[in-house]
Amino acid sequence: MFPSTGSNGLYKAPLSKSLLLVPSALSVLLTLLFQRYQKFFTYNLQAVKEDFQIWRLVFGRTICLDLKDTFCSSLLIYNFRIFERRYGSRKFSSFLLGCWMLSALFDLLFVEVVQYAFGITISSLPSGFLGPVFALFVPFFCSIPRMQVTQILGQFPITNKTLVYILGLQLVTSGSYIWIVAVSGLISGMCYSSSVLKVHQVLCVPSWLAKIFSWTLEPIFSSAEPSNEIRVGMGATVDIQRQQRMELLDRQIMMSQFAQMRRQRQQQGRLINWNRILPPLRRRHNANYQDNGQSEQEALPTAEVSEEQVARLMEMGFSRVDALEALRASNNDLNVATNFLLQH
């Protein structure tokens, strides 16, 4: 029923894996076996406003009570796991937490606006972890490159992002008032991603809390690094094959952007130290490589590395040595260093 959760699919994405498995399993149990407890997970806004049942903002916005919503949101979380790989679990969880809190406020606001403008009283909204899922469409639209895969009837292009948008449209049309949750999520995603509002500096997961979850939950939901991706065959279904092709295209686009940055820096006279970055970082103990690295250090000045950027790379799961090496070789460009480390 749900997407594959193998090591290849959810490697370096323990939070995405937990969001994919735990809420989905609870949703199935509540729907099939424990229907009498569904009332505790209803997103009842009337009870929140009149009876001050604030706990419903937590329980009602965590577990989906509709299996169609569960299925679509699980597929979307699986597709959005790329952001946890790129930015690290702490930054990804901070985005989800901030958008989860902001979307709750926007839900209450939009319900009041609808009642005031149209006289429609909305007592409850669709339950589930839907606000942050819709919020993830904002970075997906802004940062994921668009690449055409095929065409329908020779006129309508199909890109690597089309399936995700179709899933989002399917989720929006699954209920009568789910559009309110969708709009709240999109606005919360834009607010959190805005560099002007600085919401990400206020609504973030503290480092001490991130370390606790890293020690306790990450070993449970982490996936082993694939030993050899070349040996992994295509998926058994058409959907899995399409997803794997899209992942391959994303990786190719990322590497093409990496090469484009190289050409730009060459034109600007700020050449990246490619002789140091191209050899795999895992083989730095090779004697020949050490000699080449020393000669390059003598020939070119070493870029000053920001400790803040080193810490951000270490939060993504990379070692300090790898983070320093990648930042120095990329002239302290965090995006370039991150893209390279993710590909090696």
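**Notebook: loops, salt bridges, cavities, surface**

I looked up K198 and got a relative accessibility of 39%, so K198 counts as partly exposed. My cut-offs are under 20% relative accessible area for buried, over 50% for exposed and partly exposed in between, with a 1.4 Å probe and protein chains only. The model is predicted, so I took local features at pLDDT of at least 70 and side-chain atom pairs at pLDDT 80 or more, while totals for chains, interfaces and linings use all residues. Numbering runs from 1 along each chain as its sequence is written, and side-chain values use heavy atoms, without hydrogens and water.

**Positive phi**

K198 is not a glycine, yet its phi is positive, about 60°. I placed K198 in the loop between α11 (178–193) and α12 (207–216). Helices here are DSSP runs of H or I with at least four residues (strands are E, at least two), numbered from the N terminus. Most residues other than glycine have a negative phi. I noted F52 for a positive phi as well, about 55°. F52 sits in the loop between α3 and α4. Its relative accessible area is 64%, so I logged F52 as exposed.

**Salt bridges**

How many salt bridges does the rule give? I count 4. The rule asks for a side-chain nitrogen of Lys or Arg within 4 Å of a carboxyl oxygen of Asp or Glu.

I looked at E112 and K49, whose side chains meet at 2.9 Å, N to O. E112 is in helix α7 and K49 in helix α3 (residues 45–50), so this pair ties together parts 63 residues apart in sequence. E112 is partly exposed at 36% relative accessible area. K49 is also partly exposed, at 33% relative accessibility.

R61 and D107 form another salt bridge, with the closest N and O atoms 3.8 Å apart. R61 belongs to the loop between α4 and α5, D107 to helix α7, so the pair links parts 46 residues apart in sequence. Are R61 and D107 buried or exposed? Both are buried.

D66 and K68 pair at 3.2 Å, N to O. I find D66 partly exposed at 25% relative accessibility. K68 is partly exposed too, with a relative accessible area of 48%.

**Cavities**

A cavity is a set of points on a 1 Å grid over the protein atoms alone where a 1.4 Å probe fits but cannot get out, and lining residues have an atom within 4 Å of a point. The count is 3 cavities of 30 Å³ or more.

The largest cavity holds about 110 Å³. Its lining is L19, P23, S24, S27, T62, I63, C64, T70, S73, S74, I77 and F129.

S16, L19, I77, F80, F92, L96, F129, V133 and L136 line it. Helices α2 and α7 (89–118) each give two or more residues to this lining.

**Buried spots**

I looked up F140 in helix α9 (residues 137–143). At 5% relative accessibility, F140 is buried. F140 and F80 are 60 residues apart in sequence, yet 7.6 Å apart in space, C-alpha to C-alpha.

Helix α18 (residues 320–329) is mostly covered, with 7 of its 10 residues buried. These are D322, A323, L324, E325, A326, L327 and A329.

**Nonpolar patch**

On the surface I marked a nonpolar patch made of L21, V22, L26, L29, L32, L33, F34, Y37, F40, W55, V58 and F59, with about 1,000 Å² of accessible area together. Patch residues have over 30% relative accessible area and no salt bridge; like charges are joined within 9 Å, nonpolar side chains (Val, Leu, Ile, Met, Phe, Trp, Tyr) within 5 Å. Helices α2 (14–32) and α4 (56–59) each supply at least two residues. The largest share, 5 residues, comes from α2. L29 is in helix α2. I logged L29 as partly exposed because its relative accessibility is 34%.

Definitions and conventions: Accessible areas come from the Shrake-Rupley method with a 1.4 Å probe; for residues, only the protein chains shown count as cover. On a 1 Å grid over the protein atoms alone, a cavity is a set of points where a 1.4 Å probe fits but cannot get out, and a pocket is an open set with protein on both sides within 12 Å along at least five of seven lines; lining residues have an atom within 4 Å of a point. Grid points are joined across faces, edges and corners, and a volume is the space filled by probe spheres set on the points.
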